[in-house]
Amino acid sequence: MDIGSTLPIWSIIPFVGMLLCIAILPLTKLAEWWEHHQLHVAIFWSLLFLVPFTIAYGMHETGYELMESVVLDYIPFIVLLLGLFVVAGNIHVAGTIAGTTRNNVIMLAVGTFLASWVGTTGAAMLLIRPVLRANVWRRNKTHIIVFFIFLVANIGGCLTPLGDPPLFLGFLRGVPFLWTMAHIWPILLMNTIILLVVFALIDRHFIKKEGKEGLEALQLERKAMGRIPFRIEGGHNIIFLGIIIAAVILNGTIPQMDMFLDDKGQVIGIEAYEGIHLGFNYFLQIILIGLAAILSWKTTNPVLREKNDFEWGPIAEVATLFIGIFITMIPALAILRTYGGALGIDNPMKFFWITGALSSFLDNSPTYVVFLTTAGALGATSGVITTVGTVAEEILLAISAGAVFMGAITYIGNAPNFMVKSMSERSGGVKMPSFFGYMVWSCAILVPLFVIDTLIFFL
């Protein structure tokens, strides 16, 4: 059933309500209540959508939509985040690293490079703790985490399907594994250089504001730490990180191998619900990631987790809030799937901005698929051949860049954003901006950058 054509626009109210709670409640007198009742709020908004939806469309359609959103999308999403969170939490980067502008630029650059190979979540979880420790002496460090989210948690993941989920969904639909890297690297290089230069200027400004007290704090911090040589503790966990990456790759490659397909062209598996097929690759990915997380936990000295100030709060917060987001955004995505092709989007610039703008608030993975499908229906005679049709290369590049880059506009644009925010507040004592405060940073810095991207690459 095409529910998008019959759903009223006000059916997205629960989704908007969920977003407003995330944005506003932490700023009010209810902030402490919000910390303890996030799950209840997520359940409330979910039920506010599900109950009237069930009355209007019946239990069968509700079951289908829930299975598609929760089983097909949310469970693999949160399992992957959990696996990376646990494994990265068992790797301790030791060494005397002072949070100078030069060292911060180096760490941001390294994280940006790693993001395309271990995922934005993996890179963020590996490096956020060293960044926080290096800058513990700083009074003004909010900007460091903001740029960390821009680069490591988002823009850096644009080269391969391992970097960000939207690109992985493109890979599943026929986009060659290395296609994005071959076409998007000039944009990544330019954006990274510009952002690192802007960061360096801002960071030097704040270091000067630290004044004499700041320099004394840095010297005391260096003296307290002593000269600890750089080393990676718990390095065996890189093996488990490799298992997680292999699980993601297998999940994408198995559907392309004839030996694993049934007579209907589907991966051998089960019908979990009418219209919802789960191939064994789905279960294989979850099992491998779960196994990697368990082995990582069991084989790592707990002392390393103590050094990392490991706690379950950040991943629990993401799991709680995103289950509400995944359920309440069902009508928004359904309406978008139905009317996305009627929005008059027919050139790279439009695809870049509409895909990016929606990816900032909706999950960027289904948004990417919606506009990839829209592009496949334009009837291009040359370009990248996918399962949804032939897509012109310049349009596919615009969709890919919009989905990955503009996930940095809000805290909910990409899951690592919220995890980095939570860890910085809980473990690093960083006073992070509110939802709208963060958007002031992102709109002031990223929107002009994306305008430059448009003028150079998408006109």
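Which residues are buried in helix 5? The legends below begin with the answer and then move to other sites.

**Figure 1. Helix 5 of the predicted model is mostly covered.** The buried residues of helix 5 are Thr142, His143, Ile144, Ile145, Val146, Phe147, Phe148, Ile149, Phe150 and Leu151. Buried means under 20% relative accessible area, exposed over 50%, and partly exposed in between (1.4 Å probe, protein chains only). Helices (H or I, at least four residues) and strands (E, at least two) are DSSP runs, numbered from the N terminus. This is a predicted model, in which local features need pLDDT of at least 70 and side-chain atom pairs count only at pLDDT 80 or more, while totals for chains, interfaces and linings use all residues. Residues are numbered from 1 along each chain as its sequence is written, and side-chain values use heavy atoms, with hydrogens and water left out.

**Figure 2. Ring pairs link six named aromatic residues into a cluster.** The members are Phe147, Phe150, Phe199, Tyr411, Phe418 and Tyr438. Phe147 and Phe150 are also among the buried residues of helix 5. Rings of Phe, Tyr and Trp (its six-membered ring) pair if their centres lie within 6.5 Å; planes under 30 degrees apart count as stacked, over 60 as edge-to-face and the rest as tilted.

**Figure 3. Tyr282 and Phe283 form an edge-to-face pair.** A search of the whole structure finds 26 aromatic pairs. In the pair of Tyr282 and Phe283, the distance is 5.2 Å centre to centre, with 85 degrees between the planes. Tyr282 counts as buried because its relative accessibility is 12%, whereas Phe283, with a relative accessible area of 33%, is partly exposed.

**Figure 4. Phe371 lies in helix 14 (residues 364-376).** Its relative accessibility is 0%, so Phe371 counts as buried. Not counting residues up to four places away in sequence, Phe371 touches Leu336, Leu343, Ile345, Phe351, Ile354, Thr355, Leu358 and Ile399. Contact means heavy atoms within 4.5 Å. One of these partners, Leu336, is 35 residues from Phe371 along the chain, and the two C-alpha atoms are separated by 9.3 Å.

**Figure 5. Ile395 lies in helix 15 (residues 393-405).** Ile395 has 8% relative accessibility and therefore counts as buried. Leaving out residues up to four places away in sequence, Ile395 touches Asp346, Asn347, Pro348, Phe351, Ala375 and Leu378. Phe351 is also one of the residues touched by Phe371. Ile395 and Phe49 are 346 residues apart in sequence, with a C-alpha to C-alpha distance of 34 Å.

**Figure 6. Tyr273 lies in strand 3.** At 24% relative accessibility, Tyr273 counts as partly exposed. Apart from neighbours within four places in sequence, Tyr273 is in contact with Met59, His60, Gly63, Tyr64 and Met67. Ile294 is 21 residues from Tyr273 along the chain, and their C-alpha atoms are separated by 29 Å.

**Figure 7. Leu261 lies in the loop between helix 8 (237-253) and strand 3 (269-273).** Leu261 is partly exposed, with a relative accessible area of 23%. Beyond residues up to four places away in sequence, Leu261 touches Pro255, Gln266, Val267 and Ile268. Between Leu261 and Pro166, 95 residues apart along the chain, the C-alpha separation is 24 Å.

**Figure 8. Asp309 has a positive phi in a residue other than glycine.** The angle is near 55 degrees. Asp309 is in the loop between helix 10 (302-307) and helix 11 (313-328). With a relative accessible area of 45%, Asp309 is partly exposed.

**Figure 9. The protein chain as context for the close-ups.** The secondary structure comes to 17 helices and six strands. Of the 459 residues, 56% count as buried. The C-alpha trace spans about 65 × 50 × 50 Å along its principal axes. Among contacts with a separation of 6 or more, 80% are between residues 24 or more positions apart.
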